[in-house]
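Have the sequence and the 3D view open as you read, and follow along topic by topic.

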Amino acid sequence: MTPRLQDVAVGTELPARTITVDRQVLIDYAAASGDANPIHQDEEFARSVGLPDVIAHGMWTMGVAIEVVTDWAGDPGRVVSCSTRFTNPVVVPAGGAEIEVAGSVKSLDRESSRVAVELTVTSGGAKVLGRATAVVDLG
Amino acid sequence: MVVNTGFVGRTYPPTQPHAVQREHIAGFARAVGAASPVHHDVRAARKAGYRDVVAPPTYAVVVAQRCDAQLVLDPEAGIDFSRVVHGQQGFEHHRPIVAGDQVVGVLHVDAVREAGGHAMVTTRSELSTVTGDRLCTATSTIVVRGERG
């Protein structure tokens with residue numbers, strides 16, 4: 001259910017979550033997105049270009065992180081914009097990895113009913129997304 | 001410079017139409033853990049006021065990356081794809097993408113700048129339906145690592 005604007009304030013926290021990622025998830029995302037870059041699937045190839053191991057698609061990370069906002073908003077159509085920087089890769093060893101996503105309201109405009117959310121996204125202690133924000137229309 | 005700076009301001013022709021299918025939206029949604037029934041169930045989507053199942057907010061990248069590929073694979077741009085890293089991505093939605101949309105994207109090269117031996121290329125892909133409904137403005141910055149980077 002969509003939160004009511006009057007129940008939201010700067011600092012309101014969105015329900016945080018931990019997401020598990022393994023190589024199969026990356027294969028599924030590659031198939032769905034059309035991004036078949038082997039650095040997301042092939043350990044040997046990833047190492048040959050100087051990466052520690054297979055890494056997740058930055059866009060996969062952005063996609064799962066934004067779900068924290070979509071679920072809070074109650075409707076994906078209310079997410080009117082989102083953006084992020086890719087600051088560190090999510091390294092996905094054969095045994096998988098976890099990413100933690102937390103979010104809170106940074107600002108809101110009662111006239112337009114638009115709320116800006118900032119996300120904190122980490123994996124293995126490293127910040128993987130930077131300036132990750134989304135604007136939600138609660139009107 | 002690892003990128004041709006003369007490309008700033010360049011616009012590419014529209015991409016081939018991408019027909020948004022229900023199964024594709026559902027597959028993309030599953031891959032990013034988007035469980036809302038409006039991605040998966042046309043009745044739930046219609047009940048929520050949509051014409052058909054709705055794409056997750058980052059689905060627009062499917063077309064936006066085809067736009068970016070025009071530049072990255074353009075031999076005149078001089079970009080070595082193996083040195084490309086995704087630096088930034090943004091989406092501004094004008095209306096949600098739904099199954100049945102035929103989506104085209106027009107790529108604009110907005111900026112090319114150099115920092116620390118790397119080149120940063122900022123592009124903007126304007127996504128619309130073939131009939132001219134504006135869907136999404138997708139911005140992307142790719143970093144082309146310098147020879148020693």
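Two residues are taken to be in contact if their C-beta atoms, placed from the backbone, lie within 7 Å. Please keep in mind that this is a predicted model. With that cut-off, the contact between the chains draws 29 residues from chain A and 27 residues from chain B. On the chain B side, α1 (22–31), α4 (61–72) and β2 (84–93) are the elements that give two or more residues each.

**Chain A in outline**

- Chain A holds 3 helices and 6 strands, and read from the N terminus its elements follow the order β-α-α-α-β-β-β-β-β.
- The C-alpha trace of chain A spans about 55 × 30 × 20 Å along its principal axes.
- Chain A has 139 residues, of which 40% count as buried.
- Among contacts in chain A with a separation of 6 or more, 67% are between residues 24 or more positions apart.

**The side of chain B that touches chain A**

- β2(B) supplies the largest share of this side, with 8 residues.
- Sorted by class, this side of chain B has 13 nonpolar, 12 polar and 2 charged residues.

- Strand β2 of chain A (residues 79–86) pairs with β2(B) in the antiparallel sense, over 5 bridges.

- Helix α1 of chain A (residues 23–33) and α1(B) have axes that come within 9 Å and cross at roughly 150°.
- Because of that angle, α1(A) is roughly antiparallel to α1(B).
- The crossing of α1(A) past α1(B) is left-handed.
- From α1(A), the residues that make this contact are A:V25, A:D28, A:Y29, A:A32 and A:S33, and from α1(B) they are B:G27, B:F28, B:R30 and B:A31.
- By class, the contact of α1(A) with α1(B) has 5 nonpolar, 2 polar and 2 charged residues.

**Strand pairing within chain B**

- β2(B) also runs antiparallel to strand β5 of chain B (residues 134–144), and 9 bridges join them.
- One position to look at here is B:M120, which stands opposite B:V143 in β5(B).
- β4(B) and β5(B) form a hairpin with 4 residues between the strands, where B:G132 takes a positive phi near 100°.

**A closer look at B:V3**

- Where along chain B does B:V3 lie? B:V3 is in the segment before β1 (18–19) of chain B.
- Is B:V3 buried or exposed? B:V3 is buried, because 23 other C-beta atoms lie within 10 Å, and a residue counts as buried at 20 or more.
- Leaving out residues up to four places away in sequence, B:V3 touches B:A77, B:G78, B:I79, B:V112, B:A119, B:V121 and B:V144.
- B:V3 and B:S36 are 33 residues apart in sequence, and their C-alpha atoms are 41 Å apart in space.

Methods:
Residues numbered from 1 in each chain as written. Chains lettered and ligands numbered in written order. Predicted model: local features only at pLDDT ≥ 70, side-chain atom pairs only at ≥ 80, totals over all residues. Nonpolar A, V, L, I, M, F, W, Y, C, P; charged D, E, K, R; others polar. Pairing = 2+ DSSP bridges. Buried ≥ 20, exposed ≤ 12 C-beta atoms within 10 Å, placed from the backbone. Axes fitted to C-alpha atoms, helices over the stretch in contact; angles between N-to-C directions. Parallel < 35°, antiparallel > 145°, perpendicular 65-115°, else oblique. Left-handed = near helix turned anticlockwise from the far one by under 90°.
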